[in-house]
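Dear colleague,

Please find the structure below, handed over for your records. A short account of what was found in it comes after.

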Amino acid sequence: MALQSVIDDLAKRPGTGELIPVIDPATEEQITEFRDAGPEAVDEAVARAKAAYQSGVWTDIAARERAKVLWRLGDLIDEHAKEFTELESLDAGMPPAQAEMIVSTCAEFFRYYAGWCTKLNGASYQVQMEGGVNSTHANFHAYTHKEPYGVVGLIYPWNGPLFNACAKVAPALAAGCSSVVKPAEETPLSAVLLEKLIAQAGVPDGVTNFVIGYGATAGAAITAHPDVEKVAFTGSTEVGKQIMRDSADNLKKVTLELGGKSPVLIYSDADLDMAIMMASMGIFVHSGQGCVCGSRIFVQRSVYERVVAGIAMIGDNLVLGGPKDEGAMISPLVSQKQLDRVLGYIDQGKKDGVEIVSGGYRLDRKGYFVKPTVVTGVDPATSRLYREEIFGPVVTILPFDDDDEAVAMANDTSYGLAATAWTTNLARAHDLGKRLNAGMVGLNCQLTFDHNVPFGGYQQSGVGKEFGYEGIDAYLKTKSIWAAL
């Protein structure tokens, strides 16, 4: 499907709300515009999803047949990898090589969860009960049965549109759910193509329904809808809290993958060249627009100056640019709104008296580009730049002296998504793996990923897990069944 065809199809989608522009973040030029789907479209999509679920057109087919459809969808994504790469690069501004890698990962989501379709089993129990109201029966059999949540709402963000879509759609389909899917309004293009391929792969009508609109209209309507039994959301902690409030009326189940302010600990005995390079890419890749980006770096005092200088040098030499800029390694921020947010934090930091070691300004060119920024001299107790999630290419670096100080500084946050420790002392590394208060800890590695490994955070970084078995179990209910023998 040609790029222009996807753009044209998006513009023609029905909607009742205001026109929403789609902007190329590398050029600030409008790609197209579409109408906000709005609450009415959500009502219609939920009704289609509910009817499909109750009919059993997807849930009741043999698990092996669902698996074949998911595998076919993975193959279709591979077949359309060039189009997806172009769409993600244009929409989110990411370099083509980055987009191409992400597309390959997305295809594998469907093949991975295809394998789970035939392995969703309950458990049997040896009943130990004695006496009570059932004392006349000597023997019982008890077992559990896994059932899909009926209609689920899947809401995903702009920083990795296709990746986040597939991470939710694949396990929801494998579990047998019907869904209403809402992409971010800033980056809807890949959703248009994915929607077509889902139908082409053989997913029945009404099982997966895309609505494209604002979070405050379409998104809010999904989370508040009484016929949506579960919501899976990836995005900011602020919106995640609102989703929990909106879900309270009917006790809707939620999975929330939210923000982070992830710490990176670098010890003097680390492979410093590797640690400096990976810590730099761990915050500057995709202009810091990643929930797991290591935005707080703590360095043992004896190597502090070397690490600060090394990260600043890498930031200074990274080539920023759009998909058409030759040699570009780092993408723009996604929107004017995000640009204003990031620059606002930097300006506030300057007013607070922090030291800007490198960067700290917008590039003098079209596009929402902010130079990778290294900051020292922050006050951990009061600095908003240090404590709040910026979602931009901004990193604070502070020194530490010993393990206890490093752990205390790393854990002094309301977030708890990811953490990293760089040290060649393996006993220390594994001790830090236990002591760091985060859902995911990297020991001498950063930005790691596997479809089979659970992903999710502690504290205000989220509720529940994605990926692996936990990722599909999040779309399943457990029913206990008793039988008197």
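Predicted model: local features only at pLDDT ≥ 70, side-chain atom pairs only at ≥ 80, totals over all residues.

Residues are numbered from 1 along each chain as its sequence is written, and side-chain values use heavy atoms, with hydrogens and water left out.

The second largest pocket has a volume of about 350 Å³. A pocket here is an open set of points on a 1 Å grid over the protein atoms alone, where a 1.4 Å probe fits, with protein on both sides within 12 Å along at least five of seven lines; lining residues have an atom within 4 Å of a point. The volume is the space filled by probe spheres set on the points, which are joined across faces, edges and corners. Domain 1 (1–258 + 461–484) and domain 2 (263–443) both contribute to the lining, so the second largest pocket lies between them; the domain bounds come from an automatic or database domain assignment. Of its 16 lining residues, Asp-24, Thr-27, Leu-90, Pro-323 and Lys-324 lie nearest the centre. Helix H4 (81–92) and strand S2 (30–35) each supply at least two lining residues, and the largest share, three residues, is that of H4. Helices (H or I, at least four residues) and strands (E, at least two) are DSSP runs, numbered from the N terminus.

Rings of Phe, Tyr and Trp (its six-membered ring) pair if their centres lie within 6.5 Å; planes under 30 degrees apart count as stacked, over 60 as edge-to-face and the rest as tilted. The count comes to 13 aromatic pairs. In one of them, Phe-109 and Phe-467 have ring centres 5.5 Å apart and planes at 45 degrees, so the pair is tilted. Both Phe-109 and Phe-467 are buried (under 20% relative accessible area, with a 1.4 Å probe and protein chains only). Tyr-267 and Phe-400 form an edge-to-face pair, because their planes stand at 70 degrees, with centres 5.0 Å apart. Ring pairs also link Phe-109, Phe-163, Phe-449, Phe-455 and Phe-467 into a cluster.

Finally, the charged end of Arg-111 sits over the ring of Trp-71, 5.9 Å from its centre, and that of Lys-230 over the ring of Tyr-475, at 5.4 Å. The criterion is NZ of Lys or CZ of Arg within 6 Å of the ring centre and within 35 degrees of the ring normal.

Yours sincerely

Note on methods:
Buried < 20%, exposed > 50% of the residue type's maximum accessible area, 1.4 Å probe, protein only.
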